[in-house]
Amino acid sequence: MSTSWTPDGSSIHQLATLLKNSMSPNPNESTTALDSLKSFQLQPEFFNYLCYILIEGETSEDLKAHFSVVDLQNNRATAGMLLKNSMLEKGGFVKGNHNIDYVKSHIIHGLYNSNNYLVSNVTGIVITTLFSTYYRQHRDDPTSMQLLSQLLKLISNGNEASAKALSKIMEDSAQFFQLEWAGNVRPMEFLVENIMKFISGPQFSPVIKAESIKCINNIIPLQTQAFIVKIDEFLNNIFSLAQSSEDDQIRSQICVSFAVLLEFRPDKLVDHLSGIIQFTLHIIGSVEDEKVAIEACEFLYSFATSPNMPEHLVQPFINDIVPVLLAKMVYNEDSILTFENSNEDDAFLEDKDEDIKPIAPRIVKKRDGNDAGDNEDDADDHEFGDIDTEWNLRKCSAATLDVITNVLPQHVISIAFSYLREHLTSEKWYVREATVLALGAMADGGMKYFDDQLPSLIPFLIEQMKDDWAPIRKMSCWTLSRFSPWILKDHTEFLLPVLEAILITLVDKKKDVQESAISSVAVFIENCDAEIIETLLYNELLQSFGKCFAVYKKKNLLILYDAVGRFAEKVELDDSAMQIILPNLISKWTALPDNDKELWPLLECLSCVATSLGDKFMPMAPEVYGRAYKILCNCVDLEIKSQNDPTVQVSEKDFIITSLDMIDGLVQGLGTASQELLFPQVTNDTTLLQVMVHCLQDPVHEVRQSVFALLGDIVYFYNPQILSGTLAQFLKFIGTEIMHNDDVDGVPALINAIWSLGLISERIDLKNYIIDLSRVILDLFTNTTIVLDSSVTENIAITIGRMALTHPEVFTSGVFCSDAIWNKWCESVKDLDILEEKTYAYMGFIKIVNITGDQVSMSDNTLSELIKGLSKDVEVSMFSEDVLSLLMKYASKIQTLKLTPDEQMFLQQFSSN
Amino acid sequence: MNSEDEDFNDIYGNDEEQTTQKGTVVAQESANVEDVEKPKEAEKETASSSLDQLAALQALSSNLTNLANQGSSTESVTPKAVGESNESNSNDDASASVNNQDVSSTNQSTPGMPAGNNLPWDQLRQTMSQFQPPMPQQQQQQQPPQMNNDSQRKVKADLSKDSCKMFIGGLNWETTEDTLRDYFNKYGSVVELKIMKDNNTGRSRGFGFLTFENASSVDEVVKTQHILDGKVIDPKRAIPREEQDKTGKIFVGGIGADVRPKEFEEFFAQYGTIIDAQLMLDKDTGRSRGFGFVTYDSPDAVDRVCQSKYIEFKGKQIEIKRAEPRNNQKASGQTNNMNNMNNGMGNMNMMYQNPMMGGFNPMYNQQAMTDYYQQMQQYYQQMQQQTGVDYSQMFQQQMQMMMPGMNPGAAGADPSKPGQPMGGSPSSNSATPQDNNDVQTLGNEQNKMEDKHGLPKGPRRPSAGSSDYDRYNDNDDYQYRGGNTGRRLNHRIGSNKNNYRGSGRGGRRSHGYHPYNR
């Protein structure tokens with residue numbers, strides 16, 4: 001170990017200057033400095049130098065002579081952050097073959113002087129990164145253990161910065177400490193031992209205790225032996241802290257502990273539930289720092305949703321929990337003040353661009369798993385008056401009330417109602433508002449228990465939409481939409497009065513209220529039978545949409561697109577829709593640049609509208625297709641370029657997805673007529689198919705999902721010849737998709753892949769591919785180790801039938817050849833209600849059964865399932881001979897079956913033949 | 001111009017420039033005439049918004065009170081007692097403030113009367129007494145001084161109490177807590193301050209709260225217009241929670257299009273101290289849209305102004321309505337009684353009005369319910385026409401269910417016969433939830449959903465998961481909404497073309513509003 005490493009004076013000086021410049025407000029200067037720093041990154045001693053500045057930045061005589069005090073302080077932090085970033089960079093260690101001896105031996109010094117909060121904090125981050133990058137892979141390096149014991153030593157001397165550093169390390173690397181490290185040590189044991197001391201030792205500060213509990217909270221999920229033996233001790237410690245400590249940090253961490261234990265060791269909590277619930281309720285009711293109260297409330301949320309907590313264990317606490325939740329659903333004082341100072345009409349105000357949160361690329365977010373923050377939660381952060389953007393106690397309480405009502409609806413409602421009764425007509429608007437929110441929150445779980453109250457509650461809620469206070473109007477819209485299932489299911493007498501009130505509210509003078517109203521309309525449309533919309537609501541909705549287009553500003557327009565899209569999906573649009581909706585959409589569409597994210601909802605909406613309008617959309621189709629295609633190609637182009645040149649900025653995947661869906665909407669709407677648009681005969685241009693093939697390599701499920709959907713529709717409507725050049729590639733990717741089915745998020749893509757395979761095999765002879773693909777499909781269908789989504793199974797069954805239309809023989813031997821699998825097949829498709837595909841599915845299947853012959857003897861159960869399926873929604877005349885020969889074969893068996901009148905009728909049509 | 005500015009202009013009038021000029025001239029004149037001591041200050045104040053003037057008036061009135069206190073020296077001088085001492089000087093004082101407003105309205109002058117703290121009390125009072133209050137006679141009779149005292153003490157919003165807190169709107173995004181503090185420190189010691197920030201971006205949301213050590217600082221602040229970091233900011237007095245309920249709001253309709261916000265405010269100031277007056281303006285023309293709102297600091301002022309339904313204002317009969325929450329409404333003659341009995345009565349009212357008590361109280365919104373049922377009957381007729389199905393029986397059933405004991409045929413009955421169509425008074429409508437249940441239940445509870453027949457419902461399509469649209473766990477929300485995963489869910493209802501397709505859509509982003517989505 002070269003602890004003897006000493007930095008070169010001039011290099012230090014140079015580096016310090018660059019660090020200082022990199023923070024310069026002058027962009028040129030900082031860019032130049034950053035570039036130079038980048039080039040330094042390859043220097044083997046780079047990390048050591050950075051660490052030197054982090055540690056010695058304010059003590060080095062040389063540096064002191066050349067820089068101001070402020071610069072020196074800033075440089076230390078900058079050096080630390082750069083050090084961390086460089087270590088995290090892909091291959092950061094390998095690239096420069098870095099020497100980090102100095103880092104390893106000296107970094108701990110950054111914690112000694114914990115008065116400098118910034119430096120000790122950055123140091124903690126660097127140490128954490130050192131463990132999560134270097135040490136994790138070099139566990140035999142003895143300096144790791146030295147560093148750990150130095151940390152523990154510092155903590156036991158009361159150094160709070162070290163405790164924070166340790167909890168960060170545990171957050172990142174806890175699981176690795178279960179392994180053997182240098183000297184055959186398993187660090188977990190002494191870590192747990194020491195951490196427990198920090199929690200219980202009276203000499204340690206609240207910060208150290210809180211950070212130590214946080215460490216344990218990261219250890220609990222590991223279920224490591226080292227901790228399991230101490231779990232009771234830990235519980236005792238936090239129970240006594242819960243009683244004695246007033247420290248917010250500690251309390252907050254204790255709440256987290258309870259939540260984690262609830263998930264991993266509920267058995268340890270059941271005996272203490274009463275105390276724990278009282279503790280969390282006390283915190284929620286009394287603590288000033290809302291963050292702590294939120295943690296406590298999060299525990300209640302986990303408690304209510306935990307699969308480990310049987311209802312009877314939750315039930316005794318409902319009495320205590322519900323009133324607290326209800327109380328905390330009232331806006332806090334600041335919010336009330338804000339609303340009261342912004343209750344004026346604002347519908348005429350333009351939304352400022354910065355008020356509209358960037359539509360976060362959902363896909364990236366989803367894949368990150370631990371997305372850093374809920375930056376999409378309510379995409380509504382506009383002018384003051386809207387204070388609903390962050391996660392807070394009110395929301396957490398509402399969410400908890402929601403889930404707890406789902407668990408024990410009757411209990412919750414009976415308790416809640418006695419409170420709500422008192423406050424429903426409160427003179428204080430914010431109390432009424434909270435009451436309305438509470439009703440909405442309980443709607444989902446308690447709907448049927450509201451039966452008695454709803455007939456009078458709904459007119460009451462309608463009344464509330466005329467309230468002077470915008471928040472009440474807003475909440476009433478939402479709450480009514482929450483009751484939409486109840487209204488639409490057997491209480492349609494309320495539908496028109498409710499919708500009428502909401503439609504009026506659509507053009508409320510307050511934008512917030514508009515937002516809630518249009519969202520509510522979207523929910524109603526979504527939940528409403530198409531027939532009801534067609535016969536009763538069509539014109540009214542159209543007219544309302546027209547009004548909305550006239551007054552809505554940017555932000556609410558986005559939701560309006562969504563509602564219009566849903567509307568178009570529900571019903572077939574007619575000429576009046578063309579006149580009212582289309583001009584608005586097209587003018588928006590023309591006004592937006594290709595890279596505007598507002599295009600996403602607009603494209604989604606247009607896609608639905610195009611599908612719904614069908615031929616009527618033809619005049620617009622060329623321009624719309626041209627642009628969607630252009631956007632798609634442009635994105636794919638950028639992605640290809642970026643593979644060679646990392647500086648190329650790629651667009652969000654949403655551009656690809658929405659433009660693919662737009663094209664698909666055209667194909668569906670225009671059918672065969674769109675072939676000339678996508679694949680003009682003159683040019684014989686099939687670039688779109690190449691682009692689609694490229695997109696099938698995309699790791700993002702939603703992209704592939706959209707491609708498969710488009711592929712299926714192209715196959716369905718167009719001349720199959722078009723695919724001749726790319727069929728092999730498409731089939732390959734379909735096979736890959738079906739084989740890699742392990743991601744739940746990818747289910748829709750999987751379904752579409754299977755579906756498109758069915759359509760392809762129905763229209764194109766798969767020849768050489770049929771063997772492989774049938775095997776892939778059957779592997780999934782017969783797999784008993786994984787639980788498939790029922791719509792996956794259903795789609796596989798149909799696709800098997802379609803494949804068997806041309807190649808039944810591949811299913812007559814091997815795994816498909818058994819009564820059990822046949823039974824599964826019949827089970828999967830018997831309830832299909834779409835004539836065409838059900839017909840083809842059975843047509844193929846009967847072929848298989850007939851060809852299989854005596855290898856399989858069909859059981860009574862399978863036979864009866866088969867007849868049941870065949871007797872409904874199947875055009876049997878298309879393959880009556882096949883059916884007849886099957887029936888003949890099993891004639892004697894059929895006579896013993898118990899058949900419904902429908903099924904007997906079905907059979908009679910064959911006997912009369 | 002950003003939204004706050006527009007907002008500002010919309011509320012306070014785009015005519016600011018004009019009125020400022022005019023106001024300045026007038027103010028100077030009046031300053032000369034009345035020999036007020038600080039013409040400069042007066043001039044400065046003319047530039048401020050009407051709200052500021054209002055605040056100035058309030059400050060004036062409170063100064064007067066202080067002077068009065070000194071003069072009479074029998075009253076306590078704590079700021080908390082302002083409201084009370086106000087009343088103890090009863091007509092003098094009340095009329096003083098009304099007077100002051102009256103000056104503005106009759107003379108079109110002295111917007112923002114300078115604070116009179118340098119004037120000896122008597123001199124000021126003399127000046128004031130030149131302007132007799134145009135109080136309606138009735139009112140004087142109705143409210144003898146002692147009674148007035150009594151009620152006002154109870155119900156008047158005491159703006160001085162605990163009003164150290166302010167709401168500061170219209171901030172420049174760049175304004176930091178430090179610059180804000182620096183700015184307001186000149187009005188007094190700022191003890192607490194925060195600018196509300198977006199949690200995710202850390203960006204200022206353009207508004208904040210601050211608390212002064214002394215309420216007098218607030219009075220100072222609201223007197224003038226404030227510009228900070230190049231932006232007109234909008235500090236408002238935060239009315240303490242419990243005081244809010246003691247204020248009263250009215251709706252004013254039928255206002256002439258030529259009425260300006262200032263006139264509007266000045267006119268209504270004669271009835272009491274205004275907290276906020278808003279004349280709604282057409283954003284394009286800047287002209288009055290014919291209606292507005294006025295918030296007074298006490299329900300008494302509202303009672304005064306609401307004594308007649310119509311008032312003449314600038315040659316037009318304007319309509320006055322209470323705009324406060326329904327439950328706050330009191331029969332004006334009963335004000336005092338109501339206040340004395342506040343607790344008992346209030347609660348009873350609430351119980352009657354509570355829809356959860358099993359059915360509506362007809363007294364509560366008889367008309368609304370009647371309208372509602374009439375409307376519903378129309379809908380059924382409409383449905384009948386459109387679908388050819390006879391719904392009349394179903395309608396009766398529904399009525400029966402919703403209004404136990406009610407004759408559905410009477411739903412459309414003459415609303416002028418209250419009681420009858422609704423199935424009676426509160427006593428006859430004592431249906432508890434259980435009672436309701438008896439009538440309503442056709443099957444047992446579980447079956448209820450399925451058991452009802454004959455409702456206008458079409459064939460149902462599978463709509464798996466559609467109710468998940470709004471669910472709290474947004475995992476589902478973003479992926480595929482409404483159960484579109486299945487290829488078999490067609491979207492082309494009513495179309496004969498290809499009825500099946502893949503679910504192309506990866507589900508929309510749910511842009512919609514949800515009050516507690518994470």
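pLDDT is the predictor's confidence in each residue, from 0 to 100. Keep it in mind on this tour, as the model is a predicted one, where local features need pLDDT of at least 70, side-chain atom pairs count only at pLDDT 80 or more, and totals for chains, interfaces and linings use all residues. Residues are numbered from 1 along each chain as its sequence is written, while chains are lettered from A and ligands numbered from 1 in the order in which they are written.

Start by selecting chain B and colouring by confidence. Its mean pLDDT is 53, and 28% of its residues score at least 70. Next, pick residues 1–57 of chain B: pLDDT stays under 50 there, and the model has 99 contacts beyond four places in sequence for this stretch (a contact means C-beta atoms, placed from the backbone, within 7 Å). Where pLDDT is low, the predicted coordinates should not be read in detail.

Now move to chain A. You will find 50 helices and zero strands (DSSP runs numbered from the N terminus: helices are H or I, at least four residues; strands are E, at least two).

Select residues 621–644 and 653–670 of chain A, which are helices α36 and α37. They pack at about 150 degrees, with axes 9 Å apart (axes are lines fitted to C-alpha atoms over the stretch in contact; angles run from 0 to 180 degrees between N-to-C directions). The pair α36(A) and α37(A) is therefore roughly antiparallel, a label for angles over 145 degrees. To see the contact, show side chains including A:Y625 and A:L632 of α36(A), and A:F655 and A:I663 of α37(A).

Definitions and conventions. Parallel < 35°, antiparallel > 145°, perpendicular 65-115°, else oblique. Contact = placed C-beta atoms within 7 Å.
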